[in-house]
Structures are given as structure tokens and as C-alpha cells.
Amino acid sequence: SSDERARTKILAAVAELQVAAIPVYSRLAAARMRVDPDAVAALPTDVFRMTRVAMHAPEDDVRLFRTSGTTSGERGSHAFRDLSLYDRAAGREARRMLFPDCDRMRLVIVAPSARDANDSSLSYMLARFVDWFGAHSVYGFRDGALDVSAVVRGLREAEAAKEPVAILGTSFAFVHLEDAL
């Protein structure tokens, strides 16, 4: 389709720009193209633990998201100069996958707030969901720990109001919540 051709053309232009501007990406792309000239060079996530991957200078960062480090113990980072594309993609997919039938609803967030975990992309994204889709929101984390009573309170309030509720959070938070309940 014409949309697919346009998308492919844009992605090729972005890759070309990144190859020219990001030395680590340039080296990886060159190595991959020696093996397969048509290969798109996707960076392995390990690279983000080893080096900075960005086209802009560190002083231009508006946000630095860091991985949890659960896989290797070392945390990777992803620097952003602008969050508008991140916000647009998150909002569009949340509307499509999580909130297709409603504008606003109750949210129970089983993850630290963006204020408490300012380097977490998930906490940032969940805070955006609260802004965009939350009619009434409860955070189930306090001082870095799961607050089961807050989660239960949020669920009971939704039940009493006979309103739908979305429970959003991390996989491990749900494991801890299930254990606590």
C-alpha cells in the first residue's frame, strides 16, 4: 500500500540520518550490511548499557529513561531531547489497545509514580495515561513499596461507584500484589 511505502521511505531516511550522526549505530549498521546488505540495523538492548546512544548532546536531554537492570544488574539508559513522538505513540496505542471504548475511566496504578521514579519510562507513560484517560486515579505504591491497601481502596471505590477500572502496572508488581492478596 502507499502508506507502507511512505512508512518504509521515512524509516530509511531516519536510519540514514542516525548512521551519519551516531557513531555506535554507524559501526553496527556497517557490520550488519556486510552480512546482509538489506538488513536493518536494530540495536541490541545491551548497547544502551554500554554507551550513550543519541544524536544530541547530553546537555540537551529533557529526560533520561533507565532500564531496571534486572537482567544483568547494570542499568541501560535512553536519552530524549523531545518526548512528543513518545507521547504521541503511547497515547495512540493506549487509545487503541487499552481505552478504545471510553474517554476517561478509573485507573489503579500498580507502579511508582513518575515523580517517585523519574527515570522510569513506564512510570512516565502511566502518568501520561492518568492525564489523558484517568477519571479518578489511585497509585498503589508509596515510598518505593507496594501499598496493597491503596490498591484495594481504589478497586472498592470503583466497585461502589459501579464504574469500570483499569489496573495498570509492572509484571512484578502484579506478582507481589497477588501474593499479598
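## Ground rules

Let's start with exposure: a residue is buried when its relative accessible area is under 20%, exposed when that area is over 50%, and partly exposed in between, using a 1.4 Å probe and protein chains only. The structure here is a predicted model, in which local features need pLDDT of at least 70 and side-chain atom pairs count only at pLDDT 80 or more, while totals for chains, interfaces and linings use all residues. Residues are numbered from 1 along each chain as its sequence is written, and side-chain values use heavy atoms, with hydrogens and water left out.

## Salt bridges

A salt bridge here is a side-chain nitrogen of Lys or Arg within 4 Å of a carboxyl oxygen of Asp or Glu. Searching the whole structure turns up eleven of them. One of these links Asp46 with Arg49, where the closest N and O atoms are 2.7 Å apart. Asp46 is partly exposed at 36% relative accessible area, and Arg49 is partly exposed too, at 25%. Asp61 and Arg52 form another, with 2.8 Å between the closest N and O atoms. Asp61 counts as partly exposed at 25%, and Arg52 as partly exposed at 32%.

Then there's Arg106 with Glu163, whose closest N and O atoms are 2.6 Å apart. Arg106 sits in strand E3 (residues 105-110) and Glu163 in the loop between helix H6 (148-161) and strand E7 (165-169), so this pair ties together parts that are 57 residues apart in sequence. (Helices, H or I with at least four residues, and strands, E with at least two, are DSSP runs numbered from the N terminus.) Arg106 is buried at 14% relative accessibility, whereas Glu163 is partly exposed at 38%.

Strands E4, E3 and E7 make an open sheet of three strands, in the order E4-E3-E7 and with parallel pairing; two strands pair if DSSP finds at least two bridges between them. E4 (134-139) and E7 are at the edges with a single partner strand each, so one side of each has no neighbour in the sheet. From one strand to the next, the twist averages 25° (axes are lines fitted to C-alpha atoms, for helices over the stretch in contact, and angles run from 0 to 180 degrees between N-to-C directions).

E3 and E4 run parallel and are joined by five bridges. Val108 stands opposite Val138 in E4.

## The pockets

On a 1 Å grid over the protein atoms alone, a pocket is an open set of points where a 1.4 Å probe fits, with protein on both sides within 12 Å along at least five of seven lines; lining residues have an atom within 4 Å of a point. The largest pocket holds about 1,300 Å³ of space, a volume being the space filled by probe spheres set on the points. It has 28 lining residues, and those closest to its centre are Val14, Gln18, His78, Phe80 and Leu85. Helix H1 (2-21), strand E2 (77-80) and helix H4 (84-97) each give at least two lining residues, with H1 supplying the largest share, seven. By class, this lining has 20 nonpolar residues, three polar and five charged (Ala, Val, Leu, Ile, Met, Phe, Trp, Tyr, Cys and Pro are nonpolar, Asp, Glu, Lys and Arg charged, and the others, Gly among them, polar).

The second largest pocket has a volume of about 630 Å³. Of its 26 lining residues, Arg66, Thr67, Ser68, Ser120 and Leu122 are the closest to its centre. The lining of the second largest pocket has eleven nonpolar, twelve polar and three charged residues.
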